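Biologist: Could you take me through the model below, giving the criteria behind each term as you go?

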Amino acid sequence: MHRLLFTLLILISSITSAEERLEFTIHKLESNVEGPTVLVVGGIQGDEPGGFHAASLLVTHYRVTKGNIWVVPNLNFESIIERSRGVNGDMNRKFAHVLENDPDFQAVVRIKELIRNPDVDFVFNMHDGSGFYREEHSDWLHSPLRWGQSIIIDQESLDVERYPNVGELSRQTVAKINERLLDEEHTYHVKNTKTRDGDTEMAKTLTFFAINNGKAAVGLEASKTLSTSERAYYHLNALEHYFETLGVEFERSFELEPAVVQQAIDDNIQIAFYQNKLLLDIAKARSHIGYVPLQKNAELEFKPSNPLIAVTRKGKGYKVNYGNRSVTYLQPQFFDYDHSLDTITMEIDGVERDVHVGSVIEVQDNFQVNPQTDDYRVNVIGWTKQGVDNEAWQQIRKGSIRERFSIDEDGELFRVEVYNNDKFSGMILIRFPENVADSEPARQAPQALQQARLETLASLNGR
Ligand SMILES: [Zn+2]
């Protein structure tokens with residue numbers, strides 16, 4: 001079994017502005033090899049994280065080698081951030097008719113246009129549904145009235161040019177998913193809502209709009225009873241089986257297991273500001289990060305590492321959300337920016353190397369920053385030494401930075417800021433892993449482990 005390999009950081013291509021209304025984003029994974037184009041839509045309802053995280057993982061951890069995968073992972077972005085089914089009502093009932101003064105109007109119009117795009121062959125609408133759908137009533141949680149663990153079709157076969165046989169395709173997919181169940185209870189079924197026969201509620205949905213506009217479409221439901229990573233696991237299984245059947249080929253950079261999916265969801269929360277002058281890794285951020293050096297008299301400019309990250313103005317700073325999670329609050333300090341610095345020389349555990357601003361550097365024991373000229377002033381946030389103002393050329397050891405200045409809850413990530421006169425030139429993040437055993441448990445003898453823990457304790461007490 002190979003180690004978890006993550007593509008480190010795939011930055012979303014568009015630069016986002018915090019001032020705008022939260023609009024959904026479109027991510028086109030294209031192969032340049034002839035094949036079908038599928039459209040995966042996540043987050044039509046904001047409180048169904050299995051669906052939108054699965055869609056987001058396609059963007060950050062998949063590569064297409066045949067055909068195309070278009071992804072909208074955050075259709076109802078504002079509701080995702082608010083952890084609400086729909087802050088403006090249920091968006092998935094607005095596809096037959098939507099009022100022009102409805103706050104969701106623009107989003108509905110834009111996604112309809114994308115669905116109708118002549119290139120799109122197949123549409124997936126991602127959901128987390130209640131309980132477990134069963135054809136026969138078993139108990140209140142397992143019944144025909146439930147939606148979880150099912151694939152929703154509006155009718156057995158569609159009046160569309162490509163892939164009209166959605167019933168058959170979906171039963172094949174269900175059979176494949178059921179080969180990889182985590183538990184018998186999670187068994188998938190196809191649920192046919194027979195929308196055209198008078199289901200007025202389902203007639204207002206995105207999939208019904210799609211099938212009436214010449215596109216094959218299904219709804220994918222994982223159960224809200226399961227954890228987010230288990231839901232995303234099932235969603236990705238379902239999508240992959242459809243992709244294979246339709247002839248869309250792809251590569252995935254992690255192993256499809258719930259624990260690994262969980263890690264892929266949790267570890268990927270970074271924001272690069274101003275062309276990567278500073279990068280914040282906020283996967284385990286404290287609830288408040290102070291004195292973030294943002295650019296004076298300029299609009300906030302940032303690239304999140306995945307499309308479910310939102311940075312929105314609140315008071316004098318910015319709140320950061322990731323899917324349904326509130327991550328942190330950034331309290332800015334404004335500076336003019338200096339653009340003269342791209343890399344800076346550092347000595348890391350005794351080895352000299354050039355480090356790009358906006359990097360995260362792992363340090364086992366010590367580092368120092370050795371700027372090329374005296375123009376640069378270095379400030380290691382949380383480290384002080386009497387009589388030292390410019391912290392360049394100072395050896396900084398693990399344990400010598402006051403822990404409360406770390407940007408993460410674990411006390412591992414520290415900021416090194418570089419200034420040119422009073423202008424901000426860039427930031428580097430230093431990560432002191434708590435102890436070596438975290439990364440390579442097999443090579444650590446128990447004694448060494450114990451020693452490492454004692455040293456950690458000693459350094460903690462010394463602060
Ligand atoms: Zn839903």
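Biologist: In which order do the 4 strands of the open sheet lie?

Modeller: This is a predicted model, in which local features need pLDDT of at least 70, side-chain atom pairs count only at pLDDT 80 or more, and totals for chains, interfaces and linings use all residues. Residues are numbered from 1 along each chain as its sequence is written. Strands are DSSP runs of E with at least two residues, helices are runs of H or I with at least four, both numbered from the N terminus, and two strands pair if DSSP finds at least two bridges between them. The pairing in this open sheet is mixed, and the order is β15-β19-β18-β17.

Biologist: Which are the edge strands?

Modeller: An edge strand here pairs on one side only. That holds for β15 (288–295) and β17 (309–314).

Biologist: In which sense do β15 and β19 pair, parallel or antiparallel?

Modeller: Strand β19 covers residues 325–335, and within β19 the bridge partner of Gln 295 is Phe 335. Over 6 bridges, the sense of the pairing between β15 and β19 is parallel.

Biologist: Why are α4 and α6 described as oblique?

Modeller: Helix α4 (residues 166–177) and helix α6 (residues 228–246) pack at about 130 degrees with axes 9 Å apart, where axes are lines fitted to C-alpha atoms over the stretch in contact and angles run from 0 to 180 degrees between N-to-C directions. Angles under 35 degrees count as roughly parallel, over 145 as roughly antiparallel, 65 to 115 as roughly perpendicular and the rest as oblique. The relation of α4 to α6 is therefore oblique.
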